[in-house]
Amino acid sequence: MYISKNKHERIIEEIRENLKLRLELLKSDTLIFVAKVFSDVVTNLVMSICILLAFLFGTITLGFLFSDLTNSYWIGFSCLTVLYIMIALIMLSRNSFVEKLLINFSIRRLLDKHLANEKTQ
C-alpha cells in the first residue's frame, strides 16, 4: 500500500505535535509535583519549628513552676530534668511501640494526603 508524501508528512507532523504536547504535559506535571513537595516541606518545617518553640517555652515555664513550688531554682529545674530522664527511659524501653505508632501516623497522614489529591483531580 502506497502512502502519498503529503500523508506521510502529515503523520510525521502529528507525531511531532503529539510529542511536544506530551513533553509539555510532563513539564506541567513535574512542576505541580515539585510545588506540592516544596509546599509540604515548608509547611512541615514551620509546623516543626512552632512545636519546638512551644515545647521549649513550655519546658521553661514548667521549670519555673517547679522552682516556685520548691523555692529553689536549681531544685525545680533538677526535678524537671529528672522528669525528662524518666520519660526518655520509658521511651527507650517502649521503643518498638513508639516506632510503630510514629510509622503508622506518618503512613496514615501520607495516604490521607495522597487520596485527597486523587479525589480532587
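**Entry 1: surface.** I looked up the accessible surface of the protein, which comes to about 11,000 Å², with 71% of that surface belonging to carbon and sulfur atoms. Accessible areas follow the Shrake-Rupley method with a 1.4 Å probe, and for residues only the protein chains shown count as cover. I noted that this is a predicted model, in which local features need pLDDT of at least 70, side-chain atom pairs count only at pLDDT 80 or more, and totals for chains, interfaces and linings use all residues. Residues are numbered from 1 along each chain as its sequence is written, and side-chain values use heavy atoms, without hydrogens and water.

**Entry 2: burial.** Of the 121 residues, 6% count as buried (under 20% relative accessible area; exposed is over 50%, partly exposed in between; 1.4 Å probe, protein chains only).

**Entry 3: elements.** I found three helices and zero strands (DSSP runs, H or I of at least four residues for helices, E of at least two for strands, numbered from the N terminus). The order from the N terminus is α-α-α.

**Entry 4: Ile60.** I located Ile60 in helix H1. Is Ile60 buried or partly exposed? Ile60 is partly exposed, because its relative accessibility is 34%.

**Entry 5: Ser93.** Ser93 belongs to helix H2, which covers residues 73–93. I recorded Ser93 as exposed, because its relative accessible area is 57%. A polar atom of the Ser93 side chain lies 2.8 Å from the backbone oxygen of Ile90.

Key. Polar contact = N/O pair within 3.5 Å; in protein donor to acceptor, adjacent residues only side chain to side chain.
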